[in-house]
Amino acid sequence: MARLLKVCILLFTLLVTSFTVNATQWHSIDKHLTLLEPNKQAQYLLPNQVLIQGNKCAALIESHGDFVALELLIAKMRTKLPVPVCYLIATNLDVGQLSGMRLLQSAFPDAQVIIPGNGIFSTQTLLRAIDNETKYKLEGFTQSLELSKKRIAQANSEQQMGWHSKLQQAEQRLSRWSTLSPIAVKPLSLNTELDLGDHILHLELMNGYKGAALRVYNPQHKAVFGGHNLDLLPYIAQRETESWQLSLAQLLQRKNINWILPGFGKPYKFEQLSLPNRFFTLVNQPSSPAILNDLIKDYELNKVSSERFSAYYQQALKQKKPNKVLNK
């Protein structure tokens, strides 16, 4: 019971004020490009985001499931952007991240949500999954709010006064989020060029994190924004990874890219893309301990600890194992 109360208070705290948001850093590269980096505590919880502004409109690349952080992002975008938001771009089909796209589209209703096309399941199936994810999130917040109310009611009057405004704020947020419009998405079936007004983006389909994916190439900055598909150390959440490695190998042949922004971590030089490609080679074709140790050392030179590498490597190997069928 005590553990349950702690969990509910934590959920209520996240509902009132996001632990990820206050130190979120906006890195303005120039008047067109801004990189949005989560604070250090959330660097492996929330992905990097990118805001790109043309003369006609703006595009936001990537979202996440922290609704409080997204609301504050929306407020800041409204004050900073002199042009409307026309595109909200998801680099993968993670429903947690896409639930955040639903909140963003409600704030920017004229913006088109672009997602990777998927030949495995229908768009309607994906929309139902996003709706279920949102409902599950709101049910958790509602339960935590009710339990928090009961616990706060047991405090003295002076302590209750300090929580009154927070309870009111939480209730207002839940009320807004409970009336979100259904999300409308545009699955991408072919590589596409977007014109933001004298600023071009190339949306390129690939295989990546959780299957169907896309990356965004910005020729003006010779940069690629790939989300978790291009993490320096990939987190593998699916069994089939050969197609993902093939996408990386093909990208490595390009001559027009200087740097990459991953989902987690700092931007890195294009040449460093060879590291995740080597990681996939070991995952797909296990080799000698010496080759594995060499890769660990190279990752350490890129500020990735051996402990973190080992955890991700074991996660990848676990996903590659055949599903076991229990005989009754």
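Q: How many disulfides does a search of the whole structure find?
A: In this predicted model, local features need pLDDT of at least 70 and side-chain atom pairs count only at pLDDT 80 or more, while totals for chains, interfaces and linings use all residues. Residues are numbered from 1 along each chain as its sequence is written, and side-chain values use heavy atoms, with hydrogens and water left out. Taking a disulfide as a pair of cysteine sulfur atoms within 2.5 Å, the search of the whole structure finds one.

Q: Which residues does the disulfide join?
A: One partner lies in the loop between strand E3 (49-53) and strand E4 (58-61) and the other in strand E5 (residues 85-89), so the pair ties together parts that are 29 residues apart in sequence; strands here are DSSP runs (E, at least two residues), and helices are likewise DSSP runs (H or I, at least four), numbered from the N terminus. The S to S distance is 2.0 Å, and the residues joined are Cys 57 and Cys 86.

Q: Is Asp 110 buried or exposed?
A: Asp 110 lies in the loop between helix H3 (95-107) and strand E6 (112-116). Leaving aside neighbours within four places in sequence, Asp 110 is in contact (heavy atoms within 4.5 Å) with Val 85 and Cys 86. Because its relative accessibility is 73%, Asp 110 counts as exposed.

Technical notes
Buried < 20%, exposed > 50% of the residue type's maximum accessible area, 1.4 Å probe, protein only.
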